[in-house]
Amino acid sequence: MKKLRAAVAVAGATALALGASACGAGNNEDESGSGGDSMVVGTTDKVVSIDPAAAYDNGSLMVQTQVYQYLLNFPEGETEPQPDAAEKCDFDTPTTYTCTIKDGLKFANGNPLTAKSVAHSFQRIVTINDPNGPASLLVNMAKVEAKDDKTIVFTLKSPNDQTFPQVLVTSAGPIVDEQTYPADKALSDEEAVKVEGFSGPFTIGQYQKGQLAQFKKNADYDGAYNDAKTDTITLKTYTDSNNLKLDIEKKNIDVAWRSLTPTDIESLEGTDGVTVHKGAGGELRYIVFNLKTMPGADDAQKLAIRKAVASSVDRDAISEQVYKGTYTPAYSPIPEGLPGATEAFKEAYGEKPDAAAAKKFLDDAGVKTPVTINLQYNPDHYGGSSDQEYNEVKRQLEDTGLFRVDLQSAEWTTYNEERVKDTYPVYQLGWFPDFPDADNYVTPFFDKDNFIGNHYENPKMTALLAAERTEPDKAKREDLLGQVQQLAAEDISTLPLLTGAQVAVATDDVKGVENTLDAAFKFRLTSLSK
């Protein structure tokens with residue numbers, strides 16, 4: 001038997017908290033983040049759910065990262081998972097992964113955190129199977145069992161899973177209190193705050209959905225992060241990135257984290273008293289095709305339309321005209337720089353728009369033109385430039401003479417619910433990686449029962465994904481990943497557009513921002529100090 005990874009060593013502990021200096025509702029510009037024991041972080045990201053079973057988005061993960069413990073986690077600068085609630089984790093056999101839980105762990109409500117808590121946490125994600133939840137990340141988990149209070153065993157469907165230790169650090173990994181989180185339904189945010197089933201670096205004090213989260217230091221946390229450097233931090237939610245930009249510019253808040261427009265970032269780079277911090281890339285912006293409701297009389301016509309769209313977009317124009325180079329063209333679902341990444345979409349459809357090729361795809365399938373496409377985008381979750389981005393996509397498609405685009409938008413809370421109900425035939429999504437491995441850019445998108453829910457299923461793709469996840473030889477695995485990307489370009493269930501870096505803007509007295517903008521893609525409030 002070839003073990004996937006060595007047993008991981010025990011890491012340090014962390015704690016951090018949020019105070020009341022900015023706990024009022026709304027986006028008042030007179031709230032101040034001054035004071036060494038408190039801090040205010042601003043964001044436009046919305047929280048779908050504090051309960052891990054019902055959320056698989058960046059805004060929710062931001063909160064979950066601070067308040068829940070995981071079996072394994074990524075400390076600052078690490079891209080290999082380290083123990084958090086676990087003492088150690090390792091493979092016993094190619095299909096069994098066992099973790100031993102630390103002694104004395106407890107939730108903020110006083111209930112003990114044991115292996116039973118862990119089994120409950122993972123099983124309920126699969127049982128609830130919320131359309132906006134992370135169940136797709138657990139596709140290879142056959143079952144999870146607590147052998148005793150300290151021992152948790154995961155049985156996997158496929159052996160030698162190269163990614164499973166990292167899956168434990170994702171949106172599927174937060175450990176919840178089995179005494180207060182039901183096995184068959186998700187808690188509302190208000191219920192989650194009330195039951196205090198948190199064992200991470202923070203608990204939550206005040207909470208107003210869509211407005212603020214007041215994190216309070218959890219002195220009992222014993223996990224992977226560094227010790228907290230600030231006593232209290234408030235996460236303040238903005239409905240408009242313009243207000244976020246103004247507040248960091250005026251130093252009414254301490255940190256602006258997701259999402260400022262490229263114009264705002266460019267402006268702030270020349271502003272006295274604030275620093276623009278850039279970290280590891282990996283964010284992906286892409287178009288989703290709902291294979292059931294998109295235009296086309298049959299599967300062949302729908303595929304031809306997708307290929308024609310792929311032949312008509314100009315990524316360079318979107319990158320330069322809309323994003324001023326802060327996002328760059330993406331020609332694969334796997335970003336450039338990750339092992340195994342190719343440029344499959346450039347090879348299949350070219351680097352520049354080709355209206356003649358697009359027309360041939362449509363003519364060969366008997367598609368009448370212009371094709372009407374109902375294209376949906378979200379104006380508040382993926383940054384304030386999404387309207388410009390999708391107006392540019394509309395212009396590019398219509399300039400070919402082959403398409404007529406009906407462009408519509410919806411706020412994130414509505415958007416995230418409707419997209420999984422087959423409401424949107426063609427629509428925008430973005431991706432923020434769960435862990436720094438190429439598989440995280442393909443399995444959640446293209447495997448059977450993928451999180452997108454766009455009715456894409458290809459047995460050949462499912463087999464390729466299973467093979468790459470379980471292949472220990474690096475060269476062979478990268479070859480399999482290449483085949484995955486080639487098939488993704490042939491089927492085009494999603495169309496990658498752009499990839500971008502992490503950006504945060506902070507006042508000059510804030511330290512530690514660069515320490516959390518690493519390749520693990522977890523924004524750790526524990527890193528911040530003034």
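Which residues does Asp-189 touch, not counting those up to four places away in sequence? They are Val-47, Ser-49, Ile-50, Tyr-207 and Lys-209. Touching, or contact, means heavy atoms within 4.5 Å. Asp-189 is found in helix H4 (residues 189-195). Asp-189 counts as buried, at 5% relative accessibility. Buried means under 20% relative accessible area, exposed over 50%, and partly exposed in between, with a 1.4 Å probe and protein chains only.

This is a predicted model, in which local features need pLDDT of at least 70 and side-chain atom pairs count only at pLDDT 80 or more, while totals for chains, interfaces and linings use all residues. Residues are numbered from 1 along each chain as its sequence is written, and side-chain values use heavy atoms, with hydrogens and water left out. Helices (H or I, at least four residues) and strands (E, at least two) are DSSP runs, numbered from the N terminus.

## The disulfide and its sheet

A disulfide is a pair of cysteine sulfur atoms within 2.5 Å. By this rule the count comes to 1 disulfide. Cys-89 and Cys-99 form the link, with their sulfur atoms 2.1 Å apart. Cys-89 lies in strand S4 (residues 86-93) and Cys-99 in strand S5 (residues 96-101), so the pair ties together parts that are 10 residues apart in sequence. The link is right-handed, with 115° about the S-S bond. Both Cys-89 and Cys-99 are buried.

S4 and S5 also pair as strands, in the antiparallel sense, over 6 bridges. Two strands pair if DSSP finds at least two bridges between them. Asp-90 stands opposite Thr-98 in S5.

The open sheet here has 4 strands, in the order S4-S5-S7-S6, with antiparallel pairing. S4 and strand S6 (141-146) stand at the edges, each with a single partner strand, so one side of each is left without a neighbour in the sheet. The twist averages 15° from one strand to the next. Helix H2 (residues 115-128) lies across S5, S6 and strand S7 (151-156). H2 runs at about 150° to S6. Axes are lines fitted to C-alpha atoms, for helices over the stretch in contact, and angles run from 0 to 180 degrees between N-to-C directions.

Strand S12 (residues 274-289) is mostly covered: 12 of its 16 residues are buried.

## Helices H7 and H10

Helix H7 (residues 299-310) and helix H10 (residues 355-364) pack at an angle of about 175°, with their axes 8 Å apart. H7 and H10 are therefore roughly antiparallel to each other. Angles under 35 degrees count as roughly parallel, over 145 as roughly antiparallel, 65 to 115 as roughly perpendicular and the rest as oblique. H7 makes the contact through Ala-304, Ile-305, Lys-307 and Ala-308, and H10 through Ala-358, Phe-361 and Leu-362.

Asp-354 caps the N-terminal end of H10. A side-chain oxygen of Asp-354 lies 3.3 Å from the backbone nitrogen of Ala-356. H10 is followed by Gly-366, whose phi is positive, near 70°.

Pro-333 sits in the loop between strand S13 (327-329) and helix H9 (344-349). Pro-333 is buried, with a relative accessible area of 2%. Leaving aside neighbours within four places in sequence, Pro-333 is in contact with Leu-284, Phe-345, Tyr-441, Val-442, Phe-446, Gln-485, Ala-488 and Pro-496. Pro-333 and Gln-485 are 152 residues apart along the chain, and their C-alpha atoms are separated by 7.1 Å.

Asn-416 lies in helix H12 (residues 412-418). Asn-416 is buried too, with a relative accessible area of 6%. Not counting residues up to four places away in sequence, Asn-416 touches Val-48 and Asn-132. The side chains of Asn-416 and Asn-132 make a polar contact (3.3 Å). A polar contact is a pair of N or O atoms within 3.5 Å; within protein, one must be able to donate a hydrogen and the other to accept it, and residues adjacent in sequence count only if both atoms are side-chain atoms.
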